Amino acid sequence: MIIESQYFPPISVLAAFKRRGKVIIDTGDFFRKGSFRNKCYINASQGPLLLSVPLKKRKNNLQPFSDVRISYDEDWVSQHLSSLQTCYGKSAYFIYFFDEITALLKERPVYLLDLNRNILKMIATYLIPEVTIIYSDSYVDEYLGEDKRNQILLKNYTLFESPRYLQVFEDRTGFVPNLSCLDLLFCLGKYGHDIL
């Protein structure tokens with residue numbers, strides 16, 4: 001399976017990784033708006049909340065993803081951490097993972113690819129440790145296996161199958177499918193591996 005790099009990927013993506021056992025992250029494709037490359041949905045009391053990593057002002061759509069730079073002109077790291085605290089502070093496994101996630105975001109890497117790579121490495125340790133993750137050196141033009149690049153997007157992510165589990169605000173919003181893997185991690189911890 002091959003897919004683009006994503007910021008705290010949706011749960012369906014990790015479930016697909018686990019089913020395949022091996023995945024290639026294409027680092028040479030072009031940045032596309034409307035994707036999860038720099039965004040993720042978390043669960044808030046009123047429903048899904050979109051977190052977005054701001055990028056340096058360039059024509060990001062026309063450049064290779066490996067060249068996309070993160071902007072730190074605004075303090076988005078504190079905003080994301082505050083949102084996680086508000087949304088998941090009372091979840092069962094928040095205290096076990098929040099410090100590690102805080103450290104990852106506060107590293108302030110220059111490139112979005114580096115941030116996403118560090119995030120996936122941490123998430124994989126807990127939720128999909130048996131999966132082999134390979135990063136391409138350049139754009140993979142033709143892939144003979146399952147090509148999932150640019151299929152799971154902000155406009156259609158809820159259409160993809162994701163496992164059901166007890167969520168923090170389920171009593172208010174009902175079950176919200178295919179949120180960021182952060183939701184699974186904070187709600188179930190390492191036991192999220194069994195749900196996937």
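1. Ala, Val, Leu, Ile, Met, Phe, Trp, Tyr, Cys and Pro count as nonpolar, Asp, Glu, Lys and Arg as charged, and the others, Gly among them, as polar. By that scheme the lining of the largest pocket has nine nonpolar, two polar and three charged residues.

2. This is a predicted model, in which local features need pLDDT of at least 70, side-chain atom pairs count only at pLDDT 80 or more, and totals for chains, interfaces and linings use all residues. Residues are numbered from 1 along each chain as its sequence is written, and side-chain values use heavy atoms, with hydrogens and water left out.

3. The largest pocket holds about 200 Å³ of space. Of its 14 lining residues, Ser12, Ala15, Ala16, Arg19 and Glu161 are the closest to its centre. A pocket here is an open set of points on a 1 Å grid over the protein atoms alone, with protein on both sides within 12 Å along at least five of seven lines; lining residues have an atom within 4 Å of a point. Helix α1 gives the most to this lining, with five residues.

4. There is one cavity of 30 Å³ or more; a cavity is a set of grid points where a 1.4 Å probe fits but cannot get out. The largest cavity has about 60 Å³ of space. Its lining includes Ile3, Pro9, Phe17 and Tyr135, and divides into seven nonpolar, three polar and one charged residue.

5. Asn156 lies in the loop between β5 (132-135) and α5 (170-173). Asn156 is buried (under 20% relative accessible area), at 17%. A polar atom of the Asn156 side chain lies 3.0 Å from the backbone oxygen of Gln151.

Notes. Grid points are joined across faces, edges and corners, and a volume is the space filled by probe spheres set on the points. Helices (H or I, at least four residues) and strands (E, at least two) are DSSP runs, numbered from the N terminus. Buried means under 20% relative accessible area, exposed over 50%, partly exposed in between (1.4 Å probe, protein chains only). A polar contact is a pair of N or O atoms within 3.5 Å; within protein, one must be able to donate a hydrogen and the other to accept it, and residues adjacent in sequence count only if both atoms are side-chain atoms.
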